[in-house]
Amino acid sequence: MGVEAVGGTVKWEVKVDVERCKGCGICVAACPMGNFKLSDMVNGMGYHYVEWSYMGALGPCTGCAACYWVCPEYSIIEVREVG
């Protein structure tokens, strides 16, 4: 995993297993670009799961994988380059 160069064309995608997520918010706090937020919806366990978007509050996902490494429930299942 790497960090996108300024003006680069690399795009990243993060896949979240929403049924596994307990909505602890650790990935929300760890994401340097603000690409995560807690959903208004709940999963099958009754937790407000996290939602990911490519464009965060501070810019696009850089593929740093901080979310993947901090998730205690292994809900972030993949961070991959898509373009």
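Modeller: The model is predicted, so local features need pLDDT of at least 70 and side-chain atom pairs count only at pLDDT 80 or more, while totals for chains, interfaces and linings use all residues. Residues are numbered from 1 along each chain as its sequence is written, and side-chain values use heavy atoms, with hydrogens and water left out.

Colleague: Why is the contact of Arg 80 and Glu 13 called a salt bridge?
Modeller: A salt bridge is a side-chain nitrogen of Lys or Arg within 4 Å of a carboxyl oxygen of Asp or Glu. For Arg 80 and Glu 13 the N to O distance is 2.8 Å, so the pair meets that definition. The count by this rule is 4 salt bridges.

Colleague: What makes Arg 80 and Glu 13 a link between separate parts of the chain?
Modeller: Arg 80 belongs to strand β6 (residues 76-81) and Glu 13 to strand β1 (residues 12-16), so the pair ties together parts 67 residues apart in sequence. Strands are DSSP runs (E, at least two residues), as helices are (H or I, at least four), numbered from the N terminus.

Colleague: Why is Arg 80 called partly exposed?
Modeller: Buried means under 20% relative accessible area, exposed over 50%, and partly exposed in between (1.4 Å probe, protein chains only). Arg 80 has 33%, so it is partly exposed. Glu 13, at 24%, is partly exposed too.

Colleague: What is the N to O distance for Lys 15 and Glu 78?
Modeller: It is 3.9 Å, and their side chains meet in a salt bridge. Lys 15 in strand β1 and Glu 78 in strand β6 are 63 residues apart.
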